[in-house]
Amino acid sequence: MAASSMASPLCTWLVAACMSLDCETDRSRSPYSLQSSRKMSRWSRRRKVVSKCAGGSSESNRGAISSFYGSSIQGLMSSCLAFEPCDEFNSSKSPSSLGFFGDNGFSLLFGSNNRYINRRQRRVNRAVQSGKAMAVALQPAQEITTTRKPSIKQRRVVVTGMGVVTPLGHDPETFYNNLLDGVSGISEIETFDCAEYPTRIAGEIKSFSSDGWVAPKLSKRMDKFMLYLLTAGKKALVDGGITDDVMDELNKEKCGVLIGSAMGGMKVFNDAIEALRISYKKMNPFCVPFATTNMGSAMLAMDLGWMGPNYSISTACATSNFCILNAANHIIRGEADVMLCGGSDAAIIPIGLGGFVACKALSQRNGDPAKASRPWDANRDGFVMGEGAGVLLLEELEHAKKRGANIYAEFLGGSFSCDAYHVTEPRPDGVGVILCIEKALAQSGVSKEDVNYINAHATSTPAGDLKEYQALAHCFGQNPELKVNSTKSMIGHLLGAAGGVEAVATVQAIRTGWVHPNINLDNPDEGVDPGLLVGPKKERLDIKAALSNSFGFGGHNSSIIFAPYK
């Protein structure tokens, strides 16, 4: 049994070798194959073993064995893509075929104890079995033809709907109007007692109801990140004009959901641990599935009956941008016509707050919460946690036009990169961020001069803000029209949901022609040009192209680009 199981994968390869080589006996061999053939001939004459086991077809066996010793795995892989059985294989019961591929032949190759095996053969067998000295040279019996998809014009992707759940409002209009007015959503945490924590403030959502959006029975069992996700996702559909009649007309197989989360269902999982201290019988039976980051997308698809691409991506605070870009790519490749995409997180709970406090990443400006998040300000002392969800409804342009959708903006593209440097700190030279931005511009076909608005990642951390600013100055510094702001100055850092909510803010800036202020920028850090940043009041801006950055722990960088639809 051991020998046969070991032989199984090699058996398939060797059969392919026989089928390819014997079909064209007049094919010229490579120098390596001829050399190996001579070596085998000398070996056969000395030992008289191969001919005894071959059962009569020494010529064809020698060719196959020569191929076995003198080629490359690449040859094998290319040949296995297309071959035709040779006549000898079709008559595989003949002595010639059994000589090499029959029981005696495999006994020779795989080291069975009931045949003559010398030391040299055993060494070869061990090498074959370990994969260190195995190669099979195969030449296909006929030219391989690859059928390619016909060249077609690239499908365009547009934004036709938006949904949010944030500390500043639960619909795009309220949310963005508060941003334009410079309202802060940062306040003292009320959900739990955090008196003993050095940080006691956050962008906490004070009033939220999933009534009418999520079934009551499910809402009692779900983590808040899923409630936020389902609510924002369905609101994006409503905003996009996906009525019941339109929904009935959609091809559900080409409608997908790609909404991620950095932290997943932390509250559900934490509650399960507490219940386990008493008994496993007290645990929520949904604690495992409702804690995973993919389940929000899955539950939304179940609710809608959407059978297209459905999964989640988790790249820390860059999650939403990764999801948005991948969702757009599904549309571009023709795998979907409609995609709900973005991110959701709800980590303002004791274990979430405590974890970031332990990282020494949070602001401790508890006495003045509204002033705590201050990107690029010299007196910033860390970021402020936030929670919520941001979802875009992306749609293929012709599909959107056919149903008469209101098009808010066009998604042009984006890119990713990795710092490959540190768990939490940005690269000192900023190369990872610069690479990400430049790749995003190239992929989108946008010149750096055309980008005149950037919604920055800027979280209010001492190192991160400055490194991103320097990367932006490197890539766009010569553009006098460029304006940069940070939504986090007002709502804090929504972790995996940050990019989704900021994408909504970016699209709203394109729609309205107004960019929101940077609040709390009282004393710009050394090396930061205030002229590049939006001031303390909203500013009018005719946006040509807008870039939104999101970066995450682990060095995950992402940049996505939107523009007015024309």
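**Exercise 1. Is Cys418 buried, partly exposed or exposed?**

Solution. The structure is a predicted model, in which local features need pLDDT of at least 70 and side-chain atom pairs count only at pLDDT 80 or more, while totals for chains, interfaces and linings use all residues. Residues are numbered from 1 along each chain as its sequence is written, and side-chain values use heavy atoms, with hydrogens and water left out. Buried means under 20% relative accessible area, exposed over 50%, and partly exposed in between, with a 1.4 Å probe and protein chains only. Cys418 has a relative accessible area of 44% and is therefore partly exposed.

**Exercise 2. Describe how helices H19 and H20 meet.**

Solution. Helices (H or I, at least four residues) and strands (E, at least two) are DSSP runs numbered from the N terminus. The axes of H19 and H20 (residues 462-476) come within 9 Å and cross at roughly 40 degrees, where axes are lines fitted to C-alpha atoms, for helices over the stretch in contact, and angles run from 0 to 180 degrees between N-to-C directions. Angles under 35 degrees count as roughly parallel, over 145 as roughly antiparallel, 65 to 115 as roughly perpendicular and the rest as oblique, so H19 and H20 are oblique to each other. With contact meaning heavy atoms within 4.5 Å, Val433, Ile434, Ile437, Glu438 and Leu441 of H19 meet Ala471, Leu472, His474, Cys475 and Phe476 of H20.

**Exercise 3. Locate Thr424 and give its C-alpha distance to Phe553.**

Solution. Thr424 sits in the loop between strand E7 (409-418) and helix H19 (431-444), and at 34% relative accessibility Thr424 is partly exposed. Although Thr424 and Phe553 are 129 residues apart in sequence, their C-alpha atoms are 4.9 Å apart in space.

**Exercise 4. How many residues of helix H15 are buried, and what do they pack against?**

Solution. In H15 (residues 295-304), 8 of the 10 residues are buried, so that the helix is mostly covered. Among these are Met295, Gly296 and Leu304. The buried residues pack against helices H11 (216-221), H12 (224-239) and H13 (244-249), and against strands E4 (255-260) and E5 (338-345).
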